[in-house]
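Thanks for coming, everyone. I'll walk through some local features and then the helix packing. Have the structure open as I go.

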Amino acid sequence: MLFEPILICGMEVPNRFVRSATHEWMAGPDGTPTERIGDLYEELAKNETGIIITGYAYVDPRGKSDHLQLGIYDDRFIGEYRKMVSRVHRYNSRIVLQVAHGGRQTMISPEAPYAFAPSAVTEKTKGITPEEMSGEEVLETIENFASAIRRGREAGFDAVQLHCAHGFLLSNFISPYTNRRKDRWGGSTEKRTQVIVDIINRAREMVGHDYPIMVKLNATDGFPEGSKKNALDAPESIEIAKILAVNGVCAIEVSGGIAEAGDELFRTQIDSQEKEAYYKRYSKLIKEAVDVPVILVGGIRSRAVMEKLLEEGYTDMISLCRPFIAEPDLVVKIRKGEIDVVKCVSCNLCSDSSGIKCNYDFGD
Ligand SMILES: Cc1cc2nc3c(=O)[nH]c(=O)nc-3n(C[C@H](O)[C@H](O)[C@H](O)COP(=O)(O)O)c2cc1C
């Protein structure tokens, strides 16, 4: 099944492999896409990666989360993205733009002197208390996300993915821990999901109904079970996935974790098949609840586990981040039967602010 094609809202994908969104620390200081990122994506495309999802691109300079992060807040970027997209389209890969806003995990800078989020809940890793967004600011942010989707389409991306995971703005909205609002965008599960639905509806006015809009969704905030009573987890996250699917989301990538929950979202020491695919319980529940393709990410490392996940209905696609940093040609190697397990040891040394690369010493 790994090499069977799949259709996502009309987007034909040649196999089941996804390069999950990966911040590269390779964009220009203002978010401009660079040739260096294009080189990386071309390398992944040349090596048969079914879908390449870009690093998260900020939709508003006030929502930038890290240095040298991609930006998509202005039409001036469209031309550069178009070049990047056309390099990938020389091969049979699809390329998807991930769009994001930092929310309570925004990097404080002259452009973003304070973080803003659905509610003023202190972010404990940085000790920053975000400002609660006014209704006006929420509406402005909806417009910014929709415009980013329009730019993605104009640049030729095959689809756009809304980053609704990992403690950034849209993940702040869906979590009862970080969203204490009592207006249109807070309260019940439906209301906490409403901002994403509003973005999709506004984007549809700009890009029409055929353009694929995907999401990366936190199925859990990732705190140890029971340690934070109002954190997001199943079964509520399954309800959120259902709301998104009926509102026109084309595929759901299942992830989890926010910064405050520790390095949960990129776990280390994945040295046995049992430790792989650490969000599979959630993806199975979501796959049973929705009729759009589900993509699972998080610690998937061996061919045997990949095949099992597909065959046993845990997911429709296999998404990897760190393994592609160590081995951009892993899809070809798996297809040719050259490897059973990827090389990546999940040490996280690839999170390198001089540009992602595998920094593990394999001694060879
Ligand atoms: C260096 C690095 C950058 C990342 N950047 C992003 C990003 O831009 N957007 C996103 O949704 N996830 C990002 N992630 C999370 C990954 O996409 C993925 O969810 C996580 O690493 C687990 O998958 P893995 O075990 O295959 O690495 C990043 C992870 C790493 C290690």
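Let's start with Ile8. This is a predicted model, and in it Ile8 is buried, because 21 other C-beta atoms lie within 10 Å. Ile8 sits in strand β1, residues 6-8. What does Ile8 touch, not counting residues up to four places away in sequence? The list is Val13, Ala159, Pro212, Cys250, Ala251 and Pro293. One distance to look at here: the C-alpha atoms of Ile8 and Val294 are separated by 10.0 Å. Along the chain, those two are 286 residues apart.

Now step to Cys9. Cys9 is in the loop between β1 and β2, with β2 covering 11-13. Cys9 is not a glycine, yet its phi is positive, about 45 degrees. Is Cys9 buried or partly exposed? Cys9 has 18 C-beta neighbours inside 10 Å, so Cys9 counts as partly exposed. The cut-off for buried is 20 or more.

Ala277 lies in the loop between β12 (252-255) and α7. Ala277 is buried, because 24 other C-beta atoms fall within 10 Å.

While we're on backbone geometry, go to Pro235. The peptide bond joining Ala234 and Pro235 is cis, with omega about 5 degrees. Pro235 belongs to the loop between β11 (213-218) and α6.

On to the helices. Take helix α2 by itself, residues 78-88. Which residues of α2 are buried? They are Glu80, Tyr81, Met84, Val85 and Val88. These cover an arc of only 140 degrees around the axis, so they are on the same side of α2.

Next, helix pairs. Two numbers describe two packed helices: the angle between their axes and the distance between the axes.

First pair on my list: α3, residues 135-154, and α5, residues 189-207. Their axes come within 8 Å and cross at roughly 45 degrees. That angle makes α3 oblique to α5. The crossing of α3 and α5 is right-handed. On the α3 side, the contact uses Val138, Ile142, Glu143, Phe145, Ala146, Ile149, Arg150 and Arg153. On the α5 side, the contact uses Val195, Asp198, Ile199, Arg202, Ala203, Met206 and Val207. How does the contact of α3 with α5 divide by class? Ten residues are nonpolar, five are charged, and no polar residue takes part.

The other pair is α6, residues 236-246, with α7, residues 280-289. Here the axes come within 9 Å, and the crossing angle is roughly 40 degrees. α6 and α7 are therefore oblique to each other. Their crossing is right-handed. From α6, the contact residues are Ser237, Ile238, Ala241 and Lys242. From α7, they are Tyr282, Leu285, Ile286 and Ala289. By class, the contact of α6 with α7 has six nonpolar residues, one polar and one charged.

That's my tour. Questions, please.

Key: Residues numbered from 1 in each chain as written. Predicted model: local features only at pLDDT ≥ 70, side-chain atom pairs only at ≥ 80, totals over all residues. Axes fitted to C-alpha atoms, helices over the stretch in contact; angles between N-to-C directions. Helix = DSSP H or I, 4+ residues; strand = E, 2+ residues; numbered from the N terminus. Parallel < 35°, antiparallel > 145°, perpendicular 65-115°, else oblique. Left-handed = near helix turned anticlockwise from the far one by under 90°. Contact = placed C-beta atoms within 7 Å. Nonpolar A, V, L, I, M, F, W, Y, C, P; charged D, E, K, R; others polar. Buried ≥ 20, exposed ≤ 12 C-beta atoms within 10 Å, placed from the backbone. Arc of directions from axis to C-beta.
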